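Let's walk through this one together, from the inside out. Have the viewer open as you read.

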Amino acid sequence: MTVHPPCLTSRLFVPLGEKLAGDSELIRFDIRGHGASNAGNGKLTLGLIAEDMRQLLDELGEKTAYLCSYGAGSFPLLTALLAYPERFIGGILINGTAGYTDIVTRSKLQASYITSRLAPKDPIAYNSALGEAGSKAEVQALYEEAKQGDASEWREYTAACLDSSVQKRIGQLRQPMLLIYGADDQVSQHYAGALRKGLPNCELYGIKGASKQLLMKHPSTTAFIISQWIDKQEHPELADTFEERSALLEELMSHGAMEGLHDENHPQH
């Protein structure tokens, strides 16, 4: 099940879904007040988003699911994993974090919050789409869906991410976790490293030559990493021996992925 960041919609995950191998299938949904989803009643909180995801599983008749987030979507993802560990059995964080601590990223989110209150929503939706898409057609498609949303819900979602205290609780997570970042993106690499230190059970991979926009500009490599990781969770015997694990890692490398942090593989002298 996908979890998108504020303002944008689950359409971000369409290229990824087209590339996933095996039996993996994405459940895409738009958070309240985003895209085609109604705003509903009450304040939009991370806990409410997590509850909506649980209820969606019930409606679909699915007992369990892995969650896959992009960017600030990691905040509701982590919240849901903590709240419903029996339903959400693993997490995939793409350019994710448990807390934005760098000034640049926090300032951008705060600016988005203020802008969504003062400016018309269409330019905000367009700029958000432009920052993620890999082609003009994708920009237009993302924009058309994003502008359907409710700017007040964008603000509430953004505020919930900025004010989240989930970082203090990630050590409680026991589900397997997969972290993916762009090897050329120093900020995402920093947050991936922080998550790896805090999560008890996780794997970490970078995509060579990639910065941000992993979903729309690097869907094949991202999908390959995810498919292989899910296969290992569902069939642990695939990586029982050192030789099998090495073979899987070599296969990842052949698709442009690398294990661990970029700085660890290229230390400065």
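Predicted model: local features only at pLDDT ≥ 70, side-chain atom pairs only at ≥ 80, totals over all residues.

Residues are numbered from 1 along each chain as its sequence is written, and side-chain values use heavy atoms, with hydrogens and water left out.

Start with the largest nonpolar core, which has 46 residues. Such a core is a set of buried Ala, Val, Leu, Ile, Met, Phe, Trp, Tyr and Cys residues joined through side-chain atoms within 4.5 Å; buried is under 20% relative accessible area, exposed over 50%, and partly exposed in between (1.4 Å probe, protein chains only). Among the residues with the most contacts inside this core are M1, M53 and Y157. M1 touches I27, F29, M53, L56, L57, Y66, L67 and C68, leaving out residues up to four places away in sequence; touching, or contact, is heavy atoms within 4.5 Å. There's also a second, separate core of 36 residues, including L8, F13, L20 and V139.

Now for the helices, which are DSSP runs (H or I, at least four residues) numbered from the N terminus. Helix α5 (residues 121-130) packs on helix α6 (residues 136-146) at about 140°, with the axes 8 Å apart. Those axes are lines fitted to C-alpha atoms over the stretch in contact, with angles from 0 to 180 degrees between N-to-C directions. On the α6 side, V139, L142, Y143 and A146 make the contact.

Finally, find K43 in the loop between α1 (14-19) and α2. K43 counts as exposed because its relative accessibility is 62%. Beyond neighbours within four places in sequence, K43 is in contact with L48 and E156.

Technical notes: Helix = DSSP H or I, 4+ residues; strand = E, 2+ residues; numbered from the N terminus.
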